[in-house]
Amino acid sequence: MKKEESISLEPRPQNPIESLIRVERLPHMWCPGCGIGISMGAFTRAVVESGIDQNSLSVVSGIGCTGRVAGYLRLDTFHVTHGRAVPFATGLKLGNPKLKVVVYSGDGDLMAIGGNHLIHAARRNVPLTVILINNFNYGMTGGQFGPTTPMEAFGATAPYGNYEYPFNLPYLMDVCGAAYIARWTVYHVRQLTRSITEAMSKDGFSFIEVITPCPELYLRRNRLGDALKEMIYLKENSRIQNGAETRTVAIEKIRGEIIIGKFVDRERPGYIQSLDGHLQKVLGARYQRPPFWEK
Amino acid sequence: MKKTKPKPKIKELVHLTADPRGVLTGVHFMNGDQAACEGALAAGCRFVAGYPITPSTEIVERFASRIPTVGGIFIQMEDEIASSIAIQGAAWAGLKSMTVSSGPGFSLMMEHVGLAAMLETPCVFIDVQRAGPSTGLPTLPGQADMMQVRWGAHGDYEIIALVPNSPQECFDLTIQAFNLSEEFRVPTFVMMDECVGHMAERVVIPPADKIKIFNRRYTTLPPEEYLPYRTGKDLVPWFVKAGTGRRFHITGLTHDERGYPMMNAETQGKLVRRLVDKIRANAEQIVRYEEEDCEGAEVVVISYGITSRVASRAVEMARKQGIKVGRFRPVVVWPFPEKRIRQLAGMVGGFVVAELNYGQISLEVERLVAGKVPEKAIEKRRVNQPGAATAKSD
């Protein structure tokens, strides 16, 4: 027998970001203490706060732990091949410039296998927002070292410690010409949220590096403590330096200071504006603006 | 019993003739590469991403020059990997798109042939084949990518591949490739070769209203009812493009009808079975071939692309000597015209497969005629050396 429903059903208070999450796909697959979910929370709040049209917002991810972000967002989301989120996003954006296109992926995906695509998209100044989650290793495959792993840190494929120099990502993006460059840690969620809003409003290529060391593999293997201890570390050892010279912000040591902040915010015509303006100038009346851009 | 479901009004969704803006109606003298570019424009292709490579680069050069006055985009990417996925981003924005390459670049694209098969992205690849492996002979023809196009990416999937043997066919079959790609939501390939790409002949481009076009079938279901990979009997899901409020997810992982990843053998079986069956079950509708005097022939010469032009002369010479020779040319090579080759096997004395490789399509023919034709009667040696396109007595 079914019990009589006697409780009056008050509308359940809804988290403002709930409509942006595919709740039917929860629980997510990230480990306890992982910061990817925190960054995703910041992203969804930025989407809500900025008031951008959610039906015109697409998120493209590559492969890896962060690559799964696309699958949890209730937006038009694309989970493509390893390292290739940026060129997919480039095609998507050029096919419909009215879309806001965000690339959300990890350091191994975007900077190792996808490094070539990332630098070229920054050079072209394609209007994309790239959120790069830097966890200092390859998480999904088991903690191998990567192009962002600090010197001497251990990884599954660096059993005696890493002896390769890591990339200084903000500096790299700076010299490639990105219009907007920032770095935050997952401790700095408010700043990160504001930064994502700013980045999405740019007409050119915007890049945000989010520092969130992998708790299960990187922190554990390097005996750096658990996720809570890491949060305290990020709080105490990050220094906000907006407008810092990007060449000075490298993260090369396991336990060094982390410079964070908005490093670059400049006006430079985006790819679509350049293409349109140049062809209009050169071809005049013969130029036919792509009709699918107008819709 | 026949079940009758209300049929969607395809005519309302699918324009049946070409957009005149892309059609260069008239009689031209142009090479195969240029004709393929005109075919793409006529088919409604408005996005090409490419990377320079000989001998296919004339296609993108022409597209780069033509497209700003037609209304579309050419972007030169950083490599062929990027090109082959940028076109898929554009496809999911709602465009017909294409990339173009030759052997070494085509090898790099295999990753995204698999992705296009998995996401069911309609898009066209042109491979102007040169002799390989590796850098090989950049300026001389080959036909040795015929199995690569069939099997190049990992996993099980099906594709469609067409092989033109003249500049006119480069135009016609590129349009056909777009139509098939849209109809079946499958990556479709135009497998040219350097000779066909670089030879110039008369190319007739008809008026736009005489060019049949199959446009993409977009879902008309409201967001709450639409599932990106739900299909009807034809096994082809209807498309959705980004920015229409459907809030869909697509992934290269094994996925269910919702497009959500699902890591189990059952979903894998259901999905990949459909990806394969949507082509295999429709193979008879897709295959296209030309044949001449095959039934009752002492020998049938099977050839495609430039080799079919060369073989014609050999066939004429043999006929002058009184040998009954038939000619067979697959125009669509994948799916292969299996049914017809099996039929012919019982009616002819033997087969000669002429191709610019060391045996690729000949393997397919051997497989189909095994037991019906004495083994000795299948000529499987190469007829021409890859890199050369002149008839040899061999």
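P133(B) is found in the loop between β5 (123–131) and β6 (137–141) of chain B. Helices (H or I, at least four residues) and strands (E, at least two) are DSSP runs, numbered from the N terminus. This is a predicted model, in which local features need pLDDT of at least 70, side-chain atom pairs count only at pLDDT 80 or more, and totals for chains, interfaces and linings use all residues. Residues are numbered from 1 along each chain as its sequence is written, chains are lettered from A in the order in which they are written, and side-chain values use heavy atoms, with hydrogens and water left out.

**Backbone**

Most residues other than glycine have a negative phi, and most peptide bonds are trans. Two cis peptide bonds are listed here.

| Cis bond | Omega |
|---|---|
| T54(B)–P55(B) | about 5° |
| G132(B)–P133(B) | about 5° |

P55(B) sits in the loop between β2 and α3 of chain B. In chain A, N125(A) is not a glycine, yet has a positive phi of about 60°. N125(A) belongs to the loop between α5 (115–124) and β4 (129–134) of chain A.

**Interface of chains B and A**

In chain B, 43 residues are in contact (heavy atoms within 4.5 Å) with 45 residues of chain A. The two chains bury about 3,500 Å² between them, 61% of it on carbon and sulfur atoms. Buried area is the accessible area (1.4 Å probe) that two parts lose on being put together, summed over both. E78(B), R247(B) and Y260(B) supply 21% of the area that chain B buries against chain A, more than any other three residues.

The rule finds two salt bridges across the interface; each needs a side-chain nitrogen of Lys or Arg within 4 Å of a carboxyl oxygen of Asp or Glu. One of them joins E111(B) to R84(A), with the closest N and O atoms 3.1 Å apart.

Several elements of chain B each supply at least two residues of the side that touches chain A, among them α3 (57–70), α4 (80–92) and α5 (103–119). The largest share, eight residues, comes from α4(B).

Strand β2 (residues 76–79) of chain A pairs with β10(B) in the parallel sense over three bridges. Pairing requires at least two DSSP bridges between the strands. T77(A) stands opposite H249(B) in β10(B).

**Confidence**

pLDDT is the predictor's confidence in each residue, from 0 to 100. Chain B has a mean pLDDT of 92, and 91% of its residues reach 70 or more. pLDDT stays under 50 over residues 1–13 of chain B. Residues 389–394 of chain B also stay under 50.
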